[in-house]
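These are my notebook entries on one structure. I set out to look up helix packing, nonpolar cores and backbone geometry.

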Amino acid sequence: MKEKIKIASGQGFWGDLIDAPYHQVMKGEIDYLVMDYLAEVTMSILQKQKNKNPKLGYARDIPELMRRILPTCKEKNIKIITNGGGVNPIACADAIIEIAKELGIKNLKVGVVLGDDIKDSLDEMISQGAELNNMETGDSIKTIKDKILSANVYFGAFPIVEALKKGADIVITGRTTDTGLTLAPMIYEFGWEKNNYNLLSAGTIAGHILECGAQSSGGNFLGDWESIENFAEIGFPIAEAYPDGSVIITKHQGTGGRVSFETVAEQLLYEIGDPKNYITPDCVADFTSIKLEDMGNNRVKMFNVSGAKETEFYKVSCSYSYGYAASGSLTYSWPKALTKAKAAEQILRKRLENLDLHFEEVRAEFIGYNATHETLAKKLNEDDINEVMLRFSVRAADFKSVERFGKEIAPLILTGPPAVTGFAGGRPKPSEVVAYWPALIPKKLVTPLVKIIEA
Amino acid sequence: MKIKLIDIAHGRSGDKGDAANVGILAYDDNGYQIIKKYLTVDRVKKHFEGICFGEVERFELPNLRALNFLLNNTLGGGGTISLKHDAQGKTLAAALLRMEIDTGE
């Protein structure tokens with residue numbers, strides 16, 4: 001058994017710094033590169049791409065990234081784990097194999113985790129007793145069933161572990177939890193048992209620290225962010241994991257950013273609910289058990305983690321069509337910038353009313369004044385504000401209402417309050433709104449499948 | 001004595017469906033005692049009046065000198081449906097740090 005392994009986070013979401021995984025591989029020693037590409041919105045986008053072209057539906061940054069890092073990863077035996085397979089992990093694996101062939105890399109094994117996509121078997125699942133009611137509202141899935149665009153089960157670490165056991169150099173999954181990507185190599189390398197919930201929780205929490213990329217190594221830090229050095233070359237976090245479940249969070253020497261008690265603790269508080277019950281497919285981790293020790297030199301030790309048995313359910317995320325939305329904006333300058341923006345809002349509302357359009361929601365915001373903190377925003381001298389951007393948004397069930405709204409923004413420049421600018425880029429176009437339906441499904445109804453493809 | 005929350009704590013916020021999660025972390029043990037005592041559900045609910053329209057849930061993480069709040073019914077329907085500029089509640093931790101605490105001492 002290895003004495004320790006280094007797991008590097010290469011991506012916090014699809015759209016994160018393109019070069020981050022490259023630098024993780026090149027700027028120091030690591031054993032694993034893990035990359036989270038999937039936000040909920042990503043799955044429906046990928047599903048649409050796959051509907052148009054059956055060879056698509058995965059994070060298309062991956063093949064080009066592989067071209068840059070595969071030779072080094074193969075040479076240094078760095079394994080790569082990512083959920084960027086989206087709704088088409090096989091196509092993603094095939095694309096990687098193609099790149100490997102072009103590069104002349106031989107003996108490459110790509111593990112693929114399948115079985116999370118249950119869109120085509122929803123009826124069967126329901127007939128077998130899965131209710132799939134909305135976890136938050138309790139509503140029946142029947143209310144949205146004919147509008148469903150994608151439906152995926154969140155798998156945990158164990159299917160990835162199986163792929164690693166079968167010799168995979170790269171593991172491509174569909175909807176796997178962000179935390180499972182980091183936990184899996186620890187289970188595999190240290191032989192952690194399925195019922196050692198404290199160890200599984202330790203790896204899970206390390207995964208939570210890594211899953212948002214540099215958000216634990218100085219990015220988006222609300223403490224004394226101004227003292228953080230070299231954001232431009234920020235180092236992404238690395239988990240140095242030990243068999244006893246202790247983990248040191250660090251980053252490569254010479255990179256920017258900071259790993260400290262505060263930067264790690266802030267990330268631990270990100271997007272959690274009840275800290276004693278952080279539920280994943282692998283375990284239920286207790287965030288109140290975590291001990292953090294700042295060792296200095298961008299090293300923070302995490303230890304003492306405890307947790308409990310996993311639940312009998314997987315989480316399912318369905319995406320479904322929820323109408324259309326659009327936003328338009330105009331900027332008003334001094335004098336009386338806010339008064340003008342508010343007058344423009346009223347004019348626009350009246351014009352939309354006269355058009356007899358039907359919106360589910362209409363919203364006006366005043367950027368530069370109170371768009372983010374709303375009622376908590378500091379009161380300013382309204383007559384003296386330098387400028388205010390009016391951001392006006394609508395959402396409707398029908399495309400036409402939203403499209404018609406898009407034609408009402410620019411005319412305000414010549415037909416409303418003065419000293420207005422900032423209309424560029426054409427009329428706001430309706431974009432399809434995709435909503436999410438979180439549900440639970442008994443684990444026994446779904447079986448992950450692991451396949452190995454070889455170059 | 002009046003204490004500005006931003007002087008004794010930092011934080012991070014994000015979305016969980018239509019709820020915002022707001023984590024507040026004190027810089028030291030003394031600060032944690034202050035936030036634990038004064039950042040009650042009622043005070044936080046009142047602070048976010050007109051922003052949070054649902055129940056406020058509060059959780060303690062003494063090991064991180066932190067409190068976690070869930071502000072239900074806050075994000076205008078949640079991530080993709082919401083028309084809000086800050087649909088994911090990313091700026092709400094900073095909004096809570098605007099609070100001033102009167103310790104009465």
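**Entry 1**

The model is predicted: local features need pLDDT of at least 70, side-chain atom pairs count only at pLDDT 80 or more, and totals for chains, interfaces and linings use all residues. Residues are numbered from 1 along each chain as its sequence is written, chains are lettered from A and ligands numbered from 1 in the order in which they are written, and side-chain values use heavy atoms, without hydrogens and water.

For helix α7 (residues 178-190) of chain A and α8(A), I read an angle of about 135° and axes 7 Å apart. Axes are lines fitted to C-alpha atoms, for helices over the stretch in contact, and angles run from 0 to 180 degrees between N-to-C directions. Helices (H or I, at least four residues) and strands (E, at least two) are DSSP runs, numbered from the N terminus.

I recorded the crossing of α7(A) past α8(A) as right-handed, that is, the near helix is turned clockwise from the far one by less than a right angle. From α7(A), T179(A), T182(A), L183(A), M186(A) and I187(A) meet residues of α8(A) including G203(A), A206(A) and H208(A), where contact means heavy atoms within 4.5 Å.

I then looked up H208(A), which is placed in helix α8 of chain A. H208(A) is buried at 1% relative accessibility (buried is under 20% relative accessible area, exposed over 50%, partly exposed in between, with a 1.4 Å probe and protein chains only). Leaving out residues up to four places away in sequence, H208(A) touches T179(A), Q267(A), L268(A), Y270(A), I272(A), Y278(A) and F287(A).

**Entry 2: nonpolar cores**

Which residues touch the most other members of the largest nonpolar core? Of its 78 residues, I listed M186(A), I205(A), L268(A), F287(A), L292(A), M302(A) and I441(A). A core is a set of buried Ala, Val, Leu, Ile, Met, Phe, Trp, Tyr and Cys residues joined through side-chain atoms within 4.5 Å. Helix α8 (residues 197-210) of chain A gives the most to this core, with 8 residues. Another core, of 36 residues, lies apart from it, with L46(A), L65(A), M66(A) and I97(A) among them.

**Entry 3: backbone geometry**

I found a cis peptide bond from W334(A) to P335(A), with omega near 0°. P335(A) sits in the loop between β14 (313-333) and α10 of chain A. K336(A) lies in the loop between β14 and α10 of chain A; its phi is near 55°, positive in a residue other than glycine. K336(A) is partly exposed, with a relative accessible area of 44%.

For N230(A) I also read a phi near 55°. N230(A) belongs to the loop between α8 and β7 (238-241) of chain A and is partly exposed at 33% relative accessibility. I set beside these values that most residues other than glycine have a negative phi, and most peptide bonds are trans.
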